2 protein chains.
Amino acid sequence: MSLRHGLLGLLAEGPASGYDLARRFTEVLGSIWPAQHPKIYAELNKLAAEGLVEVESEGPRRRKAYRITDAGVAEVKRWLTDVDVDHTMRLQPLLRSLFFWMMDTDELQRHLEAEATYYRELADQYRDYAARKDRGEFGYSEQTQSMRVTIEAGIRLYSALADWAEWAQTVPPAKPPKHA
Amino acid sequence: MSLRHGLLGLLAEGPASGYDLARRFTEVLGSIWPAQHPKIYAELNKLAAEGLVEVESEGPRRRKAYRITDAGVAEVKRWLTDVDVDHTMRLQPLLRSLFFWMMDTDELQRHLEAEATYYRELADQYRDYAARKDRGEFGYSEQTQSMRVTIEAGIRLYSALADWAEWAQTVPPAKPPKHA
DNA sequence: CTAGGACATGTCCCTAGGGACATATCCGAG
DNA sequence: CTCGGATATGTCCCTAGGGACATGTCCTAG
């Protein structure tokens, strides 16, 4: 049910079309909450049927812009304050790390290097975003302030993973017992 | 398809029953790759049908222990080396953070405090695990060495999130433009 | 004027996962 | 001896999400 509230939250910032929302989801949220456009359009229709959003305007190319309703705003707020946070995490890279002992050393090193690079790049990307925000490129609304906080989490998370992947390269493949 | 390979990987360490595997999934993997027992039993049956695992023994209380086959081992290795890592992350807490501007200050502070505590506790738990491992409590096999690496990721990840939640408490609710 | 590409919205099907429910088995405490 | 709790394995249904496919609209470069 998070996509639902993700859409409502984004619409709380201002009217947008499904297409707009899909772009925002892939651009900003791509690495923390992926969502494909079919799901987004379907959910918007449901939200409209329930009166949480309404069609604000119809533009060129069949574009439909949605506006959040008062009921919609109330629903996001309810979610934010009354519904327990779902802390579920599902990180395939960490699951894989449990089985590093099955890989041979060379392959593992190459794997860890690639992982480190991947995470480092994402961290840099977020750091960049943060710098632009801090330069005032996105204005100073409360919304961008929240985005700044989200981005900070991205920076820290991906930096931690990059550091971890680098650290893991230094771990000896197997530590023999002392009395061996 | 990760549960499949998760099970195979765990079975590569030695025979185990569905019950054992379910326990390992909730205890060690609970916070990085949750899995419920119905899925595990179902997947084990599929794996057995495909010849990737086989029933090693039947014990008391209908217990069935599975052993991985050569084909199964080959399949995990193929997964580890030939299949691209899925970096998908889906972190509801970060999605929520985008909408912090909709919460009032008190609520947000309480929320962030609870989050910080939650992550700090998990980090501590993993740190504890690491200490026990480093004391040699789990032996010195290559498997425990890999587990140590996974645990390190948990420590770093949850520490980063805890730090972030604490840092976020110090961010002013909205930064007004300088020329205001 | 026409063809390709970006904009824009959808349908359909399949798999993965969550959660409630059901059931059999064994052991130990009282 | 019996009853509760841990062990152990499943079924069933529903929703969320991934990915392929389909279609309509407008603009612009050649």
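I started in β3(A), where A:S17 stands opposite A:A65. This is a predicted model: local features need pLDDT of at least 70, side-chain atom pairs count only at pLDDT 80 or more, and totals for chains, interfaces and linings use all residues. Residues are numbered from 1 along each chain as its sequence is written, while chains are lettered from A and ligands numbered from 1 in the order in which they are written.

**Entry: sheet of chain A**

I looked up the strand order next. Chain A has 3 strands in an open sheet, ordered β1-β3-β2, with antiparallel pairing. For elements I used DSSP runs, numbered from the N terminus: helices are H or I with at least four residues, strands are E with at least two. Strands pair if DSSP finds at least two bridges between them. The edges are β1 (16–17) and β2 (53–58) of chain A, each pairing on one side only. I found 2 bridges between β1(A) and β3 (residues 64–68) of chain A, in the antiparallel sense. Helix α3(A) lies across β2 and β3 of chain A, at about 110° to β2(A). Axes here are lines fitted to C-alpha atoms, for helices over the stretch in contact; angles run from 0 to 180 degrees between N-to-C directions.

**Entry: sheet of chain B**

I checked chain B too. Its 3 strands form an open antiparallel sheet in the order β1-β3-β2. Its edge strands are β1 (16–17) and β2 (53–58). β1(B) joins β3 (residues 64–68) of chain B by 2 bridges, and β2(B) joins β3(B) by 5 bridges. Which residue of β3(B) is the bridge partner of B:A16? I found B:Y66. B:Y66 is also the bridge partner of B:V55. The hairpin of β2(B) and β3(B) has 5 residues between the strands, and B:R61 takes a positive phi near 55° there. α3(B) lies across β2 and β3 of chain B, at about 110° to β2(B).

**Entry: DNA strand C**

I listed 25 residues around DNA strand C, and the closest are A:G18, A:Y19, A:P38, A:R63 and B:P60. I counted a residue as near if its C-beta atom, placed from the backbone, lies within 6 Å of the strand. α3(A) gives the largest share of this surface, 5 residues. By class I noted 10 nonpolar, 8 polar and 7 charged residues. Nonpolar means Ala, Val, Leu, Ile, Met, Phe, Trp, Tyr, Cys and Pro; charged means Asp, Glu, Lys and Arg; the others, Gly among them, are polar.

**Entry: DNA strand D**

Around DNA strand D there are 25 residues, with A:P60, B:G18, B:Y19, B:P38 and B:R63 coming nearest. α3(B) gives the most to this surface, with 5 residues. The classes are 10 nonpolar, 8 polar and 7 charged.

**Entry: chain against chain**

How many residues of chain B are in contact with chain A? I got 56, against 56 residues of chain A. Contact means C-beta atoms, placed from the backbone, within 7 Å. α7(B) gives the most to the side of chain B that touches chain A, with 16 residues. That side divides into 33 nonpolar, 13 polar and 10 charged residues.

I then laid chain B on chain A: RMSD 0.0 Å, a turn of 180° and a shift of 0.0 Å along the axis. The two copies are thus related as by a two-fold rotation axis. Superposition is by least squares on C-alpha atoms of residues with pLDDT of at least 70 in both copies. The copies meet through the same surface, because 100% of the interface residues of chain B are also interface residues in chain A.

Conventions. Two residues are in contact if their C-beta atoms, placed from the backbone, lie within 7 Å.
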